[in-house]
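Please keep the sequence and the structure in view while reading.

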Amino acid sequence: MNTTASQWESQLEIPGRVTFQDGQGELPTVELRTPWSEAEIYLHGAHVTHFQKQAEPPLLFLSKMSRFEAGAPIRGGVPVIFPWFGPRAGQPAHGFARLQDWELKEITLAVDGTTGLRFRLPDGPEGGGYPPFTADYTVTVGEQLVLQLSISSRAPDRELTFEACLHTYFAVGDITAVEITGLRGADYLDTLEQFARKVDADDAIRIAAEVDRVYADTPATVEIVDQVFRRRIRVAKEGSRSTVVWNPWVAKAQRLADFGNDEYLQMVCVESGNIGPDQITLAPGQTSTLQVTLSSAPL
Ligand code: TA6
């Protein structure tokens, strides 16, 4: 007799460390507790919706208006964007990976209390336009949050070209009291001005209007300095050459049905990936890994 899901989950539960629950919209979640932090991951999109260190506010923003249903992306946390970034005629924006239910394949328990979860995107008809691939996403929770998206080509004779991005929504105390550093001197495309190419000449990005910038060739660490939460967030990356900085501000916030009108004040997206000119092309059998390490410290 096949093991039922609940039996499967009860076999895997590690009381006080790894538990399985029905989250919002009755969608299944994995809840993790470590000596430093707690986290929540939905199987829907392998979506990290919560990460919080002890004595700190949540690191990730999650909209109170988010939908939690099949076919809809969760608004906030870390959407996994694959195999394309942005809109595509007749297809869901930002690819299909964040809309699918991923399978939990492995739980890794480190002696220090760090816990890793490896999810796999099941093959499906939505990937029909691409050569066969395997998408594994490992979420490691401890004092830091480490995210690794590994894409492997299973094609015997064709290249696999794709975009990928970890579209992270960070929680901030007040966006008007935040500075984003690490992108000075970098080129970016301003999507609000027909993708005009610009150079970021400022020592830090300060947000007082809608911002939607795609930076190419930016592998370096980006920091978010939050004067209200008195916190510095570090976004360190490996295997990522693109960075996106986005805040919807007032008008776009009001247009988004799954986003509160005033929630733009409490978030900023600093996204790490490989998009546009930084897209990835794999030879048959090759693997590419995008890794983001999120950490924070008091100012
Ligand atoms: O990453 C920035 C962006 O591409 C913005 O243009 C905005 O559309 C945002 O992503 C959210 O996209 P979504 O499809 O999640 O509403």
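## Cysteines

A disulfide is taken here as a pair of cysteine sulfur atoms within 2.5 Å. By that rule the structure holds zero disulfides. The sulfur of Cys-165 lies 9.1 Å from the closest cysteine sulfur, that of Cys-269, which is too far for a bond. Cys-165 is buried, with a relative accessible area of 1%, and Cys-269 is likewise buried, at 0%, where buried means under 20% relative accessible area, exposed over 50% and partly exposed in between, calculated with a 1.4 Å probe on protein chains only.

## Basis of the values

The model is predicted, and local features need pLDDT of at least 70, side-chain atom pairs count only at pLDDT 80 or more, and totals for chains, interfaces and linings use all residues.

## Aromatic pairs

Rings of Phe, Tyr and Trp (its six-membered ring) pair if their centres lie within 6.5 Å, with planes under 30 degrees apart counted as stacked, over 60 as edge-to-face and the rest as tilted. The count comes to ten aromatic pairs. One of them, between Tyr-188 and Tyr-215, is tilted, with 5.0 Å centre to centre and 40° between the planes. Because Tyr-188 lies in strand S14 and Tyr-215 in strand S16, this pair ties together parts that are 27 residues apart in sequence; strands are DSSP runs (E, at least two residues) numbered from the N terminus. Tyr-188 is buried at 7% relative accessible area, and Tyr-215 is buried at 0%.

Ring pairs also link Phe-61, Tyr-169, Trp-246 and Phe-259 into a cluster.

## The loop at Gln-144

Gln-144 is found in the loop between strand S8 (133-141) and strand S9 (145-153), and is partly exposed, with a relative accessible area of 37%. Leaving aside neighbours within four places in sequence, Gln-144 is in contact (heavy atoms within 4.5 Å) with Phe-51, Thr-293, Leu-294 and Ser-295.

## The largest pocket

A pocket is an open set of points on a 1 Å grid over the protein atoms alone, where a 1.4 Å probe fits, with protein on both sides within 12 Å along at least five of seven lines; lining residues have an atom within 4 Å of a point. The largest pocket is lined by 34 residues, of which Phe-85, Gly-86, Pro-87, His-94 and Asp-212 lie nearest its centre. Strands S14 (187-190), S16 (211-215) and S19 (242-247) are the elements that give two or more residues to this lining.

Notes:
Residues numbered from 1 in each chain as written. Heavy atoms only, no water. Helix = DSSP H or I, 4+ residues; strand = E, 2+ residues; numbered from the N terminus.
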